[in-house]
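Here is a short briefing to read alongside the sequence and the model.

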Amino acid sequence: QVQLVESGGGLVQAGGSLRLSCSISGDTFKLRASGWYRQTPGKERELVARIFPPATATYADSVKGRFTVSRNDAENTMWLQMNDLKPEDTAVYYCALDNLLGGRRIGGDWGQGTQVTVSS
């Protein structure tokens, strides 16, 4: 059973930074794409950033240039560095292992989520 545990969320002022961490159990992490998603009430969960092993990353347009995703396969850990945060970045952030088909997520595993709140 794969488990993902996020940490690092919190309250920050606009323009500030936060770094989210995700610790992943199991021995398949190094073989799988992983991602950070976020969700606000009433909206669908959206992809923020995805990273393919060893280090190829893609980003949502809304966070390009501000967020950086990284991973360490030896430590089974993934991070999301978030800079120049904006109030619209406020959401619950989830880390995930992604099962992909044609670039679309068709399943995988989720963490429990961590709240990020950006005040104006």
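Which residue in β9 is the bridge partner of Gly35? The bridge partner of Gly35 there is Ala96. The model is predicted, so local features need pLDDT of at least 70 and side-chain atom pairs count only at pLDDT 80 or more, while totals for chains, interfaces and linings use all residues. Residues are numbered from 1 along each chain as its sequence is written, and side-chain values use heavy atoms, with hydrogens and water left out.

Strands here are DSSP runs (E, at least two residues), numbered from the N terminus, and two strands pair if DSSP finds at least two bridges between them.

- Strand β4 (residues 33-39) runs antiparallel to β9, with 7 bridges joining them.
- Strand β10 (residues 104-110) is also antiparallel to β9, through 6 bridges; in this pairing, Asp98 has Gly108 as its bridge partner.
- The hairpin of β9 and β10 has 2 residues between the strands, and Gly102 takes a positive phi near 60° in this hairpin.
- Strand β11 (residues 114-119) is joined to β9 by 3 bridges, again antiparallel, and Gln115 of β11 stands opposite Val92.

**The disulfide**

- Searching the whole structure for disulfides (cysteine sulfur atoms within 2.5 Å) turns up 1.
- Cys22 and Cys95 form this bond, with an S to S distance of 2.0 Å.
- Cys22 sits in strand β3 (residues 18-24) and Cys95 in β9 (residues 91-101), so the bond ties together parts that are 73 residues apart in sequence.
- The torsion about the S-S bond of Cys22 and Cys95 is about 55°, so the disulfide is right-handed.
- Cys22 counts as buried because its relative accessibility is 1%, and Cys95 is buried at 0%; buried means under 20% relative accessible area, with a 1.4 Å probe and protein chains only.

- Glu6 belongs to strand β1 (residues 4-7).
- Glu6 is buried yet has no salt bridge (a side-chain nitrogen of Lys or Arg within 4 Å of a carboxyl oxygen of Asp or Glu).
- The Glu6 side chain reaches the backbone nitrogen of Cys95 at 2.9 Å, and that of Gly113 at 2.9 Å.
- Not counting residues up to four places away in sequence, Glu6 touches several residues, including Cys22, Trp36, Cys95 and Gln112 (contact means heavy atoms within 4.5 Å).

Key. Helix = DSSP H or I, 4+ residues; strand = E, 2+ residues; numbered from the N terminus. Buried < 20%, exposed > 50% of the residue type's maximum accessible area, 1.4 Å probe, protein only. Lys, Arg positive; Asp, Glu negative; His and termini not counted. Polar contact = N/O pair within 3.5 Å; in protein donor to acceptor, adjacent residues only side chain to side chain.
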